Amino acid sequence: MRGQRREQHREQHREQHREQHRERGSALPAAVGALCRALPPRARPAPDTLRRARFDRPQASLDFWKLLYVLLKQIHGGRWTESDAIGAQVSFVKWALWYHGYGRPQLQRLPADGSAGSRELLLAFSWLLHSPGLLEQLLARNRVQPGDQTSVCTCGDELPSSQEGTSEAGPEERVDVRYLQWLNGRLRLQWCSLHAQHQEQCKLWYKIHLFTSGSHMDQNLGHFSVTETDLIRQPENYKQLLQLLDSETKQLEAFLEWKQLEPVYWQWMETVLDNMAEEGNMCESQNVHVEKRRLPEATPWAAKLTGQMDRLSRDLVALQEHLHQLVAQRKAAWWEKVATREELQKERFSATARKIQESTELKLRGLTSLCAPKKKMHGLCRLVLRSKHPAGRMGFGQCGSKEAVAAVSAAEVITELQVREASLQRELQQLRQQCRHRLDGIAEGLEGVICISP
Amino acid sequence: MSIVTVQLGQCGNQIGQEVFSALCSDIRGTHGLCSKKENGSYQDSCKERFFCEEESAVPVARAVLVDMEPKVISQTLSMAARSGHWKYSSHSHFCQKQGSGNNWANGYSVHGPRHKEAIMNLVQKEAEKCDRLGGFFTIMSMAGGTGSGLGAFVTQCLRDAFPTSFILNHVVWPYGTGEVIVQNYNSVLTLSHLYHSSDALLVHENDVIHKICAQLMNIKQISFRDVNQVIAHQLGSVFQPTHTAGGGSGYSRNPLGELMESLVPHPEFRMLGLRNIPQMPESSLPYSTFSWPGLIKHLRQMLIANAQMEEGIDWQVRPPSSIPSTNKPLHFNTSIANLVILRGKDVHGVDLGSFQDPSLYTSWLNPQDAFNAWKTPRAFNKYEKSAALVSNSQFLLKPLDSIVGKAWNMFASKAYLHQYAKFGIQEEDFLDCFTTLEQVISSYTNL
């Protein structure tokens with residue numbers, strides 16, 4: 001009896017499945033088509049590729065490796081050519097997926113000649129669409145640029161700790177200190193040249209913005225960008241610009257269409273997963289231990305990163321323990337003091353209690369403002385000239401990067417950077433003082449040597 | 001990319017005027033010996049660097065003229081205007097009614113601070129006219145009062161006001177038997193102060209130029225004008241546009257930066273010497289032919305043997321073979337870095353391998369870092385082929401040592417110190433300057 005019921009249940013399930021499949025059957029090509037059109041022009045798969053990958057056809061593997069390679073290279077800002085070897089493509093895709101956090105070991109085990117695994121790649125591709133937002137990132141990267149963008153970065157310094165590497169200089173490689181001074185000087189001079197170049201760029205942008213102010217249709221902006229100004233000076237380039245804008249618009253429209261039809265795609269992917277789960281139980285994984293060994297060599301800095309993270313967590317735990325101990329000690333000391341002063345008058349005690357409370361509140365506020373995550377700006381910003389004051393301050397407009405930075409005024413960023421500069425200067429002076437003390441100490445130990453510090 | 005020239009004192013103003021004159025006549029000439037397109041970019045590049053195309057009919061030099069007496073400045077302005085091909089701006093000069101009496105301290109401690117604002121305003125205006133400020137080029141003599149004292153002060157102000165700009169000081173070394181008694185004091189004070197504020201010191205020695213005029217140019221009665229014209233020719237051969245290695249296809253847009261980067265990154269080694277071949281009277285030019293191998297060979301020997309011109313070179317001096325540096329032959333001139341600038345016909349096939357010999361250079365720098373070459377097919381100032389060498393080497397070690405020695409002797413006997421103390425330059429200040437220069441001498445000696 002139960003067996004019959006189960007049989008009926010399964011039959012119903014399969015009927016539902018088939019109906020859904022028929023409905024989906026019409027919407028799915030539309031979804032996949034929209035998806036392909038939303039990808040950048042030179043990185044579009046044939047819609048057939050995804051279908052063949054679903055059935056794990058080996059012929060689709062090479063195409064899929066190439067597709068992922070091209071897309072991920074664009075995300076990482078690298079260059080690629082048509083003739084890049086399949087081995088290089090495979091290793092890059094594996095590294096990039098690991099970097100973005102894709103943890104499926106079956107992908108890392110795929111052969112390096114790209115001959116199999118199209119279904120795994122389909123899974124990876126869909127995962128990329130969802131988690132790091134592959135489409136959104138690509139669309140943001142390939143926008144038509146207005147030309148007057150500058151980068152802003154107020155992230156904290158990620159300088160390595162000073163204890164590292166002080167005693168790592170090997171005796172085999174003696175470098176003359178004068179050569180190091182030479183290189184340092186070159187670096188400084190190159191930085192000065194770069195600075196002059198930036199100043200020139202800003203001056204020219206200012207000229208463009210000033211001369212074209214009042215001409216733009218968008219009242220918010222008020223003046224032309226570099227691209228628009230270039231178009232006025234060389235109108236025959238309008239065709240190229242029009243093509244680019246056209247292609248971008250088509251991609252965006254396809255993206256909107258894709259967003260509407262997305263659920264169909266994900267339902268289809270679920271069936272792919274189901275198929276894989278059924279088949280997956282049949283083949284065993286034998287080389288699990290190989291994975292751990294292979295990953296670090298693809299990314300030389302990954303080991304260093306994990307080492308730093310381990311060290312950081314160990315330091316944090318140690319600090320926390322230390323803090324707990326200190327707090328316990330302080331508390332014990334206070335309780336003793338309070339116990340010996342229990343005979344104090346009530347009013348005086350409440351007055352002092354109020355003072356204590358106020359001072360602790362102040363300190364807490366100071367602490368929270370120090371530790372509060374500062375508004376970090378990072379990415380590209382388009383420069384827009386605003387004349388709020390007669391002097392004509394520049395303001396930042398829309399942002400073309402991943403993090404949507406709201407409109408920020410240049411004056412704010414400048415003051416923030418100046419504050420940071422002052423604090424870095426102070427730190428530099430402190431370090432210099434320390435070095436001077438060390439040198440004096442060493443010079444005292446040497447006979448007949450006078451140390452004149454710079 | 002534009003360079004702002006600051007002409008300081010009588011010497012600076014006279015030389016500056018000759019420099020602009022030479023640059024202007026070079027670009028106006030039709031003897032470029034290269035394609036029209038090349039010539040056109042050369043002219044545009046030179047004009048952008050040194051002149052400003054304002055509403056006036058002729059290009060206006062990007063320069064600020066400073067002197068304590070009005071006579072030299074008005075002469076300079078009128079000579080420029082009389083040429084009809086360029087001029088100075090009528091607002092870019094600063095002068096007072098009385099001079100400095102060859103007193104360095106007067107120029108540095110009195111005139112400098114008093115007139116700082118006015119002078120820096122002029123400089124600021126010139127700097128703002130540039131789309132891209134490529135740096136400052138100051139011209140002064142080391143021995144006089146205004147040029148040296150005020151010049152040292154102005155260089156310091158430039159450094160304070162423009163901390164990231166390149167500053168190249170052109171310094172004229174006085175005659176060994178000069179007329180100014182305290183010229184050695186002035187020189188020591190100037191050099192040590194400049195060493196702290198500027199990026200590089202490009203030196204011309206009056207004695208050397210005098211010899212060039214006498215022996216190469218066959219001038220009988222050598223006037224200051226002749227000397228200045230030779231200096232101007234040599235400076236022009238360095239600063240006219242060239243194609244540099246990293247510059248892409250056009251003319252370099254950062255000549256001062258690239259010069260500094262190739263020659264003076266090390267803060268202790270900032271003294272640059274300049275050699276130029278060939279040099280001959282203009283009348284002989286049509287009858288002379290030049291070959292690049294010959295020019296390169298002579299230039300290299302001039303470098304090694306520390307010769308000042310292409311006549312009387314000591315061909316016996318050879319670079320050391322692979323023996324350690326302590327055994328270097330006495331007269332051999334060790335270089336830190338060299339820059340060779342070639343202008344003229346067939347310049348792209350020239351072999352400069354002889355300059356990349358590691359034995360020419362100090363042990364801690366390899367020839368890839370130490371040697372650079374700039375080229376242009378456009379001929380300069382009617383010379384079909386010309387080569388210039390800007391060298392950071394021991395060229396100036398002996399002259400520097402001699403001046404410091406003479407100044408120290410005077411200082412030890414406390415001669416004339418009261419003139420300086422009157423305006424605030426005490427003995428400790430002198431001692432600091434001597435220390436700085438002794439350090440420089442020692443660094444250059446130990447190459």
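Modeller: A salt bridge here is a side-chain nitrogen of Lys or Arg within 4 Å of a carboxyl oxygen of Asp or Glu. This is a predicted model, in which local features need pLDDT of at least 70, side-chain atom pairs count only at pLDDT 80 or more, and totals for chains, interfaces and linings use all residues. Residues are numbered from 1 along each chain as its sequence is written, chains are lettered from A and ligands numbered from 1 in the order in which they are written, and side-chain values use heavy atoms, with hydrogens and water left out.

One such pair is A:Glu200 with B:Arg253, whose closest N and O atoms are 3.1 Å apart. A:Glu200 lies in helix H8 (residues 177-211) of chain A, while B:Arg253 sits in the loop between helix H8 (224-239) and helix H9 (255-263) of chain B, so the pair joins two chains. Helices (H or I, at least four residues) and strands (E, at least two) are DSSP runs, numbered from the N terminus. A:Glu200 counts as buried at 9% relative accessibility, whereas B:Arg253 is partly exposed at 34%. Buried means under 20% relative accessible area, exposed over 50%, and partly exposed in between (1.4 Å probe, protein chains only). The pair also belongs to a network of salt bridges that links A:Glu200, B:Glu48, B:Arg132 and B:Arg253.

Another bridge between the chains runs from A:Arg186 to B:Asp369, with 3.8 Å between the closest N and O atoms. The count between chain A and chain B is 6 salt bridges, and over all chains the count comes to 24. Side chains of opposite charge can pair when their charged atoms come close.

Now the contact as a whole. Taking contact as heavy atoms within 4.5 Å, 20 residues of chain A and 26 residues of chain B take part. The two chains bury about 2200 Å² between them, 55% of it on carbon and sulfur atoms. A:Arg178, A:Trp182 and A:Leu189 supply 34% of the area that chain A buries against chain B, more than any other three residues. Buried area is the accessible area (1.4 Å probe) that two parts lose on being put together, summed over both.

There are also 11 residue pairs in polar contact between chain A and chain B, both residues at pLDDT 80 or more. A polar contact is a pair of N or O atoms within 3.5 Å; within protein, one must be able to donate a hydrogen and the other to accept it, and residues adjacent in sequence count only if both atoms are side-chain atoms.

For comparison, here are two bridges inside chain A. A:Asp48 and A:Arg52 form a salt bridge at 3.7 Å between the closest N and O atoms. These two are 4 residues apart in helix H2 (residues 47-54) of chain A, so about one helical turn separates them. A:Asp48 is partly exposed at 36% relative accessibility, and A:Arg52 is partly exposed at 24%. A:Glu262 and A:Lys259 meet in a salt bridge of 3.2 Å, N to O, and both lie in helix H10 (residues 238-280) of chain A, 3 residues apart. A:Glu262 is buried at 15% relative accessible area, while A:Lys259 is partly exposed at 38% relative accessibility. An α-helix has 3.6 residues a turn, so residues three or four places apart point the same way.
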